[in-house]
Amino acid sequence: MYGKMMMWAVFAALVGGCFVQQVKAQEETYTGVLQTKGTPGGGATQTQFNFTITKWATQDEIKQLGAILKEKGQRFLLDEMNKLDAGRVYKRGETGNPIALAEKWQNGDNTVITVISARRMSLYETNAKGISTKYPFAFLQVTLNSQGEGSGKLVEAAAIKYDKEKDSFRLDPYGQGARVVSNVKAVK
């Protein structure tokens, strides 16, 4: 079920569907709590973070990014997304990561926000050229109810791939996959 949700979310974010309702661009800030699993014998932790969106992607922009991935591959998509600036994801007191793509649509009474960024990698990680460098994106998707409160998932390291046989896009998480995001609400 989780895999299908993530595959659909990436597809919707990269190609856009007819159900997507374009929202006017205006700066919006949200706060949320990232849940992390504890180690055996240790407790779980919670980290509060914010994300500010300064530009919503148009369907044309999303289609262009999807075409880049389909025709040229993930490396070229990463290069293109590094040029984009649609806001920031950050913990309080930190500068955080730039958001490359932000999309917002209505699903009944719920509002769904999808954010994709080129994740920040340490110099050590980049120079070591380990397997994690093949997962250069971070993916956040939250669903807000009609009161503006909700939850979602954060994938801190992921690859975005195009499956030629199925003619579809998919998110390939690295490591533990998605983490739960709770207590999401707009900052007023």
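Trainee: How many bridges join E8 to E10 in this predicted model, and in which sense do the two strands run?

Mentor: Take two of the residue pairs to begin with: lysine 153 stands opposite valine 180 in E10, and the bridge partner of glutamate 149 in E10 is lysine 185. These pairs belong to a pairing of E8 with E10 in which the strands run antiparallel, and the number of bridges that join them is six.

Trainee: Which residue stands opposite threonine 31 in E10?

Mentor: Strand E1, residues 28–36, is joined to strand E10, residues 178–186, by four bridges, and these strands run antiparallel. Within E10, tyrosine 30 has alanine 186 standing opposite. For threonine 31, the residue opposite in E10 is lysine 185.

Trainee: What is the bridge partner of valine 33 in E2?

Mentor: Besides its pairing with E10, E1 pairs with E2 in the antiparallel sense, over nine bridges. In E2, the bridge partner of valine 33 is glutamine 48.

Trainee: Why is E1 described as largely enclosed by the rest of the structure?

Mentor: The cut-off that matters here is that a residue counts as buried when its relative accessible area is under 20%. Over the protein, buried residues make up 43% of the 188 residues. E1 is largely enclosed by the rest of the structure because the number of its nine residues that are buried is eight.

Trainee: Which residue takes a positive phi in the hairpin of E7 and E8?

Mentor: Strands E7 and E8 run antiparallel and are joined by seven bridges, and within this pairing leucine 140 stands opposite leucine 154 in E8. The hairpin has four residues between the strands, and the residue with a positive phi, near 80°, is glycine 148.

Trainee: And in the hairpin of E8 and E9, which residue in the turn has a positive phi?

Mentor: E8 is joined to E9 by six bridges, again with the strands antiparallel, and alanine 159 has aspartate 172 as its bridge partner in E9. Four residues lie between E8 and E9 in this hairpin, and the turn residue whose phi is positive, at about 50°, is aspartate 167.

Trainee: Turning to the helices, what distance does H2 reach from its first C-alpha to its last?

Mentor: Helix H2 covers residues 59–72, which is 14 residues, and at 1.5 Å a residue the expected reach is 20 Å. After the helix comes glycine 73, with a positive phi near 105°. From first C-alpha to last, the reach of H2 is close to that expectation, at 20 Å.

Trainee: Is glycine 66 buried or exposed?

Mentor: Glycine 66 lies in helix H2, where the buried residues also include Ile62, Leu65 and Leu69. The C-alpha atom of glycine 66 is separated by 10.0 Å from that of lysine 161, although the two residues are 95 apart along the chain. Because its relative accessibility is 5%, glycine 66 counts as buried.

Trainee: Which residues does leucine 77 contact, leaving aside its neighbours within four places in sequence?

Mentor: Leucine 77 is among the residues with the most contacts inside the largest nonpolar core, which has 20 residues. The elements that give two or more residues to this core include H2, helix H3 (74–81), strand E7 (137–144) and strand E8 (149–163). Leaving aside those sequence neighbours, the residues in contact with leucine 77 are Leu65, Ile68, Leu69, Phe137 and Ile160.

Trainee: What share of the contacts between residues at least 6 apart in sequence join residues at least 24 apart?

Mentor: The protein has four helices and ten strands, which follow the pattern α-β-β-α-α-β-β-β-β-α-β-β-β-β along the sequence. Among contacts between residues at least 6 apart, the share that join residues at least 24 apart is 60%.

Trainee: Which residues lie nearest the centre of the largest pocket?

Mentor: The volume of the largest pocket is about 500 Å³. Strand E2 (45–53), strand E3 (87–91), E6, E7 and E8 each supply at least two residues of its lining. Of the 19 residues that line the pocket, those nearest its centre are Val89, Lys91, Asn97, Leu154 and Glu156.

Note on methods:
Residues numbered from 1 in each chain as written. Predicted model: local features only at pLDDT ≥ 70, side-chain atom pairs only at ≥ 80, totals over all residues. Heavy atoms only, no water. Expected span 1.5 Å × (residues − 1). Buried < 20%, exposed > 50% of the residue type's maximum accessible area, 1.4 Å probe, protein only. Core = buried A, V, L, I, M, F, W, Y, C linked by side-chain atoms within 4.5 Å. Contact = heavy atoms within 4.5 Å. Pairing = 2+ DSSP bridges. 1 Å grid on protein atoms, 1.4 Å probe; cavity = no way out; pocket = protein on both sides within 12 Å on 5 of 7 lines; lining within 4 Å. Points joined across faces, edges and corners; volume = space filled by probe spheres on them.
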